[in-house]
Amino acid sequence: MTEIHRNYIAGDWVDATTAAENRSPSNPDDLIGLYARGGAADVDAAVAAAKAAQPAWAGASPQVRSDVLRRAGEMLLARVDEMGRLLAREEGKTLSEAKGEALRAAHLFLFYAGEVLRIPGEKLASLREGVEVEVTREPLGVVGLITPWNFPIAIPAWKTAPALAAGNAVVLKPADQTPGCAHRLAQILEAAGCPMGVFNLVMGRGSEIGAALVGHPDVAAISFTGSERVGRGIARGCAEGMKKVQLEMGGKNPMVVTGAADLELAVATCLNGAFFSTGQRCTASSRLIVTADIHDAFAEKLAAAMSALRVGDPLDPETQIGPVVSEAQLAGNLDYIALARDEGCEVIGGQRLNRKGSFQAPALFLGATNAMRVSREEIFGPCAALIKVADFDEALAVANDTPFGLSSGICTGSLKEATEFRRRSKAGMVMVNLPTAGVDYHVPFGGRGASSLGGREQGRMAMDFYTGVKTAYTFAG
Ligand code: NAD
């Protein structure tokens with residue numbers, strides 16, 4: 001019988017009444033394991049354990065918290081290969097991308113091990129004589145973390161590490177499609193000496209576990225990454241319960257290419273941004289906005305480079321693009337590809353591949369306009385709309401004409417265009433001659449508009465979300 005990977009609650013590995021299969025999207029015969037599918041009672045138990053454990057965790061010397069995070073980071077570092085393989089099997093990104101993500105998770109824990117010791121405060125003179133004012137940051141209490149499938153170790157890491165660093169206790173609910181990496185993280189935190197109840201893992205359906213976390217009166221804050229639809233519901237639930245909330249959601253990220261660009265660099269940049277990681281990145285370049293002077297030459301080169309991408313088994317070192325994460329996601333991508341044709345685009349690629357697993361060829365939508373649904377809605381697959389514009393000014397206007405605002409980019413050799421774009425882009429992250437996806441962990445991550453709400457993730461700024469401010473006035477007499 002296949003062993004069931006259990007939930008981790010109050011320092012114990014706990015059975016749930018049911019379990020779900022975790023199968024590889026590249027090979028449905030590859031059963032990664034059975035993972036517990038918890039319910040609301042498990043959330044209650046996890047929150048109660050977190051609530052009981054949090055005061056001692058917050059009250060311990062910062063060195064204690066720093067040591068746990070550092071040990072977790074070092075263990076992750078030593079397991080990059082193992083974690084990378086698990087990730088590539090369960091999510092489908094290539095082994096090198098998966099190892100890169102595992103390495104990033106390790107670095108995040110090491111970074112926040114240092115941040116524990118740097119939580120800032122301020123002491124100021126009061127306006128009243130003899131009075132001192134002190135501004136400090138305190139943990140929130142129990143925080144609920146809800147994560148998506150597309151970065152199954154990095155996102156749990158970039159939420160868990162700052163939450164714990166700030167002195168909170170955590171209940172993590174990973175995506176149902178990719179519980180394996182989060183389960184491994186729970187094992188690592190246990191081995192790193194994280195005290196009982198400080199970190200809890202509850203796997204299961206979003207509609208049950210996620211909703212129970214959002215509705216729980218003892219959860220002080222929710223940090224969510226996922227789709228805009230679910231994010232809006234969580235925002236409403238948190239407003240109802242007066243909880244602090246952080247949402248990182250979708251994108252329809254523009255990449256502008258102008259006549260001043262190095263064409264080879266622009267093609268390589270767009271190829272990476274649009275199609276790598278099977279386009280399953282919130283920061284993927286899904287709208288390629290190209291000025292008329294170079295449009296045709298660019299389209300020809302990009303289509304050739306895209307068609308030459310090797311799609312296949314993520315564990316094969318030759319593979320550049322792995323499978324789509326699931327059959328449901330693939331069906332959604334194929335619907336959008338059909339829609340692109342209906343809306344009048346010429347579609348290059350995009351067919352389902354005739355092999356076992358959820359594989360599709362990357363797709364380029366030629367002749368797209370920014371008004372089409374395929375240019376406005378997030379597809380979340382290896383599909384990019386190519387939009388022709390007259391000049392830089394129109395490119396900038398089209399880039400900003402979206403409800404989203406996560407990441408944007410420009411390929412240009414013109415300092416004037418690059419500067420103008422950086423200043424006037426309405427995205428939270430702007431890239432010049434770099435793909436819209438691919439960011440550093442020590443600086444803020446996040447967007448605007450329908451992409452993000454409630455404070456930045458990663459870097460030092462992440463600590464703002466996981467702490468509350470206290471202003472204390474003292475009259476010493
Ligand atoms: P999703 O919204 O379907 O699920 C995200 C998480 O929410 C999962 O753990 C899911 O189980 C849970 N969930 C589902 N229904 C819920 C409910 N009613 N209440 C509470 N929780 C619920 O998203 P997904 O398909 O896992 O991930 C893809 C999406 O994530 C894309 O839109 C992508 O752009 C976005 N994403 C954003 C970022 C970012 O930082 N902006 C990063 C990665 C992914």
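**Notes on the domain interface and the ligand**

1. The centres of domain 1 and domain 2, taken over C-alpha atoms, are separated by 31 Å. The contact between them (heavy atoms within 4.5 Å) takes 23 residues from domain 1 and 25 residues from domain 2. Domain 1 covers 4–249 + 451–475 and domain 2 covers 253–432, with bounds that come from an automatic or database domain assignment.

2. This is a predicted model, in which local features need pLDDT of at least 70 and side-chain atom pairs count only at pLDDT 80 or more, whereas totals for chains, interfaces and linings use all residues. Residues are numbered from 1 along each chain as its sequence is written, and side-chain values use heavy atoms, with hydrogens and water left out.

3. About 1,900 Å² is buried between domain 1 and domain 2, with carbon and sulfur atoms giving 59% of this area; buried area is the accessible area (1.4 Å probe) that two parts lose on being put together, summed over both.

4. Across this interface the rule finds 1 salt bridge, a term that requires a side-chain nitrogen of Lys or Arg within 4 Å of a carboxyl oxygen of Asp or Glu. Separately, the side chains of Lys356 and Asp29 meet in a salt bridge at 2.5 Å, N to O.

5. A polar backbone atom of Met249 is 2.7 Å from a nitrogen atom of the ligand, while a polar side-chain atom of Glu248 lies 3.4 Å from a ligand nitrogen atom. For Asp176, an N or O atom in the side chain is 2.9 Å from an oxygen atom of the ligand.

Methods
Polar contact = N/O pair within 3.5 Å; in protein donor to acceptor, adjacent residues only side chain to side chain.
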